[in-house]
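Work through the exercises below with the model open. Try each task before reading its solution.

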Amino acid sequence: MKLTKETASDLDLLIKELIADNSKVASIEDMKSVLFPDKPEAYLMALFHYLRAHSPSLFFPEPEPSPELFWASDYLPAFYYEGAFTAIFESQEKERLETEAKKKLELEKLKFDVKNTKRIYKTYWWTFVFALIGFVYVLIRLGTWLLEERTIE
């Protein structure tokens, strides 16, 4: 599941409920009845698996957390007060925006590079033509000078 703003806020709400003193959430059914009555069960299952897959573990490993029964670990309150999934989402969003800005700048740089290359290519041919004209001129002048030298002798 991709972490979106809505998913991050739902996960944070679930974490807040899990760390509450009188938490009524310990299964997918509890999540549906207490927190998310309008969300589909598949979405709630995805939220559970997202929390379960997070490292470090947010659930107690014994017994193995399952959709039927899970408990918050000791790390979960600290994780929540560090910003939880909203902070992770904002960090990912910031990185995505930076990457997008870098790609935009790279495309702009590429456009300038192409324009510069075309200009250099056109300038190269002009330079080549002028050098060729200069070479022909020098050959003609050298030839006339040599002919003048022979005629003088």
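Predicted model: local features only at pLDDT ≥ 70, side-chain atom pairs only at ≥ 80, totals over all residues.

Residues are numbered from 1 along each chain as its sequence is written, and side-chain values use heavy atoms, with hydrogens and water left out.

**Exercise 1. Describe how helix α1 packs on helix α5.**

Step 1. Locate the helices: α1 covers residues 5-19 and α5 covers residues 84-152. Helices here are DSSP runs (H or I, at least four residues), numbered from the N terminus.

Step 2. Compare the axes, which are lines fitted to C-alpha atoms over the stretch in contact, with angles from 0 to 180 degrees between N-to-C directions. The axes of α1 and α5 come within 7 Å and cross at roughly 160 degrees. Therefore α1 is roughly antiparallel to α5 (angles over 145 degrees count as such).

Step 3. List the contacts (heavy atoms within 4.5 Å). From α1 come K5, A8, L11, D12 and I15; from α5 come A84, F85, T86 and F89.

Step 4. Sort by class. The contact of α1 with α5 has six nonpolar, one polar and two charged residues. Ala, Val, Leu, Ile, Met, Phe, Trp, Tyr, Cys and Pro count as nonpolar, Asp, Glu, Lys and Arg as charged, and the others, Gly among them, as polar.

**Exercise 2. Describe how α2 meets α3.**

Step 1. Take the axes of α2 (residues 28-35) and α3 (residues 41-53): they come within 10 Å and cross at roughly 115 degrees.

Step 2. Find the partners. I28, M31 and K32 in α2 meet E41, L44, M45, L47 and F48 in α3.

Step 3. Sort them. The contact of α2 with α3 has six nonpolar, no polar and two charged residues.

**Exercise 3. Is D10 buried or exposed, and what does D10 touch?**

Step 1. Check accessibility. D10 has 9% relative accessibility, so D10 counts as buried (under 20% relative accessible area; exposed is over 50%, partly exposed in between; 1.4 Å probe, protein chains only).

Step 2. Leave aside neighbours within four places in sequence. D10 then contacts F36, K39, Y43 and L47.

Step 3. Widen the view. Other buried residues of α1 include T7, L14 and L18. The cover over the buried residues of α1 includes α2, α3, α4 (75-81) and α5.

**Exercise 4. What sets the phi of A84 apart?**

Step 1. Recall that most residues other than glycine have a negative phi.

Step 2. Read the angle. A84 is not a glycine, yet its phi is positive, about 55 degrees.

Key. Helix = DSSP H or I, 4+ residues; strand = E, 2+ residues; numbered from the N terminus. Parallel < 35°, antiparallel > 145°, perpendicular 65-115°, else oblique.
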